[in-house]
Amino acid sequence: MARIADLIAADPDDLLPGCPSKDTVHRIIGSGEFPAQQANVVSVAAVLAREARWDVADTVERVRTAWVDALLAEPPGRPLGELGPYALEVHRSITVPEDEDEDAPTLPTYVVRDHDRRVEEKVDHAVSGQSVIITLVGESSTGKTRTFWEAIQRLPPEWRVWQPLDSAPHSDPASDLEKVGPHTVVWLNEAQRFLLTADPAEGERVAAALRRIMHAPDRHPVLILVTLWPAYWDQLTSEPRDGQRDLHPHARHVLNGSSLRVPVTFEPDDPDDLTEAAARDARLAHAWEHAEQRQVTQYLAGVPALIQRYRTAPLPVRALIDAAMDIRRLGFGEHVPLELLEAAAYEYLTDLQLDHLPEDWLEAALAYAARPQRGIRGPLTRVRPRRRGVAEGSVRYRLADPLDQLGREDRRRPPPPPGLWDLLVHHSTAAEALSIGRSAECRGLFRTAVTLYRKAADSGSSEAALDIAEILSMTSRREETVEWYVHAHTLGDPRALRFAAATSVTCEEADWDAAKNLYTRAARRGDVFALVDCLDRMREWECAEDADEWFDRALTEFWDHVSLESALAWCERHGTEHDFGRLLIASGQRARGLDVLERSVAKGNFTSLYTVCEERRLSGGIESALAYLKELGHSEHTGSLFAPMALKSMLLREGREEECAAILREMITEGNSSAAGDFAELMRGLGRSDEAIDFLSSRAKDDTRVTYELAELLRRESRRDEALALLTAMATAGDARAQHASARLLEEMGRLDEALIRYRRSAEDGGHDTTSGAVRLLLRAKRADDALNWLRSISAPDGSHDRIERAVWVLESMGRGEEAKRLKDYGWEPDGTVSAPWSILPPGAQAGSGVTA
């Protein structure tokens, strides 16, 4: 830097226009800051060009032009002062007759609540120069967007606001985010539109871009504001269960730790503030007087009136809205084509009702549904282009958010009309087909699901091809399964070859040469887990070749093709650090392998925990392993959930029961409630159940996990009524695990009708593998048909293949073995019948395309 400055200062021909200092040269070359003086930039470029023997005149001219272009370029987003609340999707408020003041503010008077204070604190951190992300999680119309609108009024005027809706049509939000610079608000209202996309890869690109913004010092400060409904927050941030693919790792990483809950009810910090504000604002006063259960923000947004309008709508209007609700909840985009809406509405009307429709029913129904009420948009609103001069394309309608949420709650159990699925297949885009296909798969509609997935796969979605393969993998159709895994690999999925190999060796007649070839190809492409998986399966199936000898050769070849850093990056992307740690240790790189395994434990990998403990025990003795487990158990890592179990197992082998009880008690006291079950089991084994019950009772008030373990201990001590009372309270609050546990307890107590109700509720609310209890009781009561109908009706995203297995069990119990086998391989049809045999092979494997019966 000093030499460049000296060369400019000593310019013999005095042709260089600038005279930058050493520090200025450093900023021009190494900083993202825009250089204020064009002359200094030109001088630095000229010296560098001269030293590199480039054309100096051409370089100078290009740099002059680039500096001017950069000076005139407008950064992404719009100035804060140019935006009104409605441009940022703040809900319009109701109007009331008493509010006749023409000078009244656009929005009702704002009353600060507890979450506002916390948002203000975080916004002040952004003003001070930090990059900050805040996620407000709350139900529809609880005031999330208005909270953020009020908060950004604290920002200095040089701040800008960027939101995806202001971008050009068909633009890529992830690419646009890469251009966002300092002093920018990234406004992600209803962020599920950008993060929870039909193709998870698209949402992950946006989330990864947000992570880069947060970690790029030259882009600080940036304020990322996110709003989400609770259900969407759970989808994006929940850890995948064993065997599930991790669809949202980047989203989970960027969102975790950023959430603030917005309450459903209106509880101001100071009640006097509300009284004073209501005295000044007729809208707020009217809402406070008439809102039920203190749901003031919802009332201001017109939610009760909107729902009442839906429930009392004329039959054709109700059919349109019900169709829109089902179309949205099944995975279609938020802008529904009129052609689809009209065709779908017919599915919600009987033949007699159709015969009595007037000729202009659609126009009249749309006019009714779109008409504003009290200044609030109606149930269905026609979508208009946001920019002038943009072609409108097909006519589309948007369902009001409160009705969208109502439909997801009230209509989640009734099956959609069978004809709706064919309409969705026809009208969906490739991205929508992926999302709708998952809704079909949840209901066991395998033929419909693979038809939708095929549509997405034909557009290049490796995710969709993998989904087809995974449906087929649950059946006996092994050759089709392998074909689709290989096709998913062709489309770009890096794990699919390993899945194909694993599928090809799940029988005694496995072709091990072909399988090992697939495993080796997968490993060469970076799939670290492939070698470990092949080794484990060779041992399991007692392959004729020595598994360890093959593994040693394959491992040596693996390191010839794959670098350490690229392998680690692959594992972090796909959650297979455990296997990479094992490979490193097997390769003699113990310290690095142990570090990778400990990072895997921190993320919640149970298997890695036991490997780490064993490695620490071998190298440093049992005290080293125990010290690690104690530290982990007191940490905030996800792996802390498994530390108590491992610690108890290790200490009990050493006969140190009292020490174990004391450590587990301390963990519970400090907030690690996952230790409660191990503590209860240990104390019961020591004959000290009453002591454990007293301690857990003192910790159970605000901790559902401790409460659950307390109830289980009471049950095992034959104090069933006390256990049932605890579980019933949690079950009433919607805890699916408590519903299942209380159902099991009621069954033990002989209260079978009550047990059946709770088993069913648990399964319908998404309880994992909870259908067997209900099916067992229904079969005992000779109600096999009821069991089949109930299993078909469940649409919870988890356990769809388990429900098929239960239905197969029911059919077999009824003597319908052939039908049961067909159900397992081909699933249900939308009309509730078992599907006829169908086949689906990827392009190139058959003439034509699609699903053939």
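**Close-up views of a predicted model**

Glu89 lies in the loop between strand E1 (78-79) and helix H5 (114-127). This is a predicted model, in which local features need pLDDT of at least 70, side-chain atom pairs count only at pLDDT 80 or more, and totals for chains, interfaces and linings use all residues. Residues are numbered from 1 along each chain as its sequence is written, and side-chain values use heavy atoms, with hydrogens and water left out.

**View 1. Glu89 and Lys782 have positive phi values.** Helices (H or I, at least four residues) and strands (E, at least two) are DSSP runs, numbered from the N terminus. Most residues other than glycine have a negative phi. Glu89 is not a glycine, yet its phi is positive, about 70°. Is Glu89 buried or exposed? Glu89 is buried, with a relative accessible area of 17%. Buried means under 20% relative accessible area, exposed over 50%, and partly exposed in between (1.4 Å probe, protein chains only). Lys782 is also a residue other than glycine, and its positive phi is near 60°. Lys782 sits in the loop between helix H43 (771-780) and helix H44 (784-793). Lys782 counts as exposed, at 75% relative accessibility.

**View 2. A cis peptide bond joins His220 to Pro221.** Most peptide bonds are trans. From His220 to Pro221 the bond is cis, with omega near -5°. Pro221 belongs to the loop between helix H9 (200-215) and strand E5 (222-228).

**View 3. Trp229 and Tyr232 form a stacked pair.** A pair of aromatic rings is described by the distance of the centres and the angle of the planes. Rings of Phe, Tyr and Trp (its six-membered ring) pair if their centres lie within 6.5 Å; planes under 30 degrees apart count as stacked, over 60 as edge-to-face and the rest as tilted. How many aromatic pairs does this rule give? The count comes to 6. In the pair of Trp229 and Tyr232, the ring centres are 5.5 Å apart and the planes are at 15°, so the pair is stacked. Trp229 is buried, at 8% relative accessible area. Tyr232 is buried too, at 9%.

View 4. The buried residues of H38 are Ser689, Ala692, Ile693, Phe695 and Leu696. Among the elements that cover them are helix H36 (657-669), H37 and helix H39 (704-716).

**View 5. Arginine charges sit over two rings, Phe695 and Tyr708.** A charge sits over a ring if NZ of Lys or CZ of Arg is within 6 Å of the ring centre and within 35 degrees of the ring normal. The charged end of Arg665 is 4.7 Å from the ring centre of Phe695. Arg737 lies over the face of Tyr708, at 3.6 Å from the ring centre.

**View 6. Helices H40 and H41 are roughly antiparallel.** Axes are lines fitted to C-alpha atoms, for helices over the stretch in contact, and angles run from 0 to 180 degrees between N-to-C directions. The axes of H40 (residues 720-732) and H41 (residues 736-748) come within 8 Å and cross at roughly 150°. The two helices are therefore roughly antiparallel. Angles under 35 degrees count as roughly parallel, over 145 as roughly antiparallel, 65 to 115 as roughly perpendicular and the rest as oblique. Contact means heavy atoms within 4.5 Å. Residues of H40 that meet H41 include Leu724, Leu727 and Ala731. Their partners in H41 include Ala738, Ala741 and Leu745.

**View 7. Helices H2 and H3 are roughly perpendicular.** The axes of H2 (residues 22-30) and H3 (residues 38-51) come within 10 Å and cross at roughly 80°. That makes H2 roughly perpendicular to H3. Thr24, Val25, Ile28 and Ile29 in H2 meet Asn40, Val41 and Val44 in H3.

**View 8. Leu568 is buried in helix H30.** H30 covers residues 564-574. The relative accessible area of Leu568 is 6%. Which residues does Leu568 contact, leaving aside neighbours within four places in sequence? They are Phe580, Arg592, Val596 and Arg599. Leu568 and Phe580 are 12 residues apart along the chain, and their C-alpha atoms are separated by 7.1 Å.
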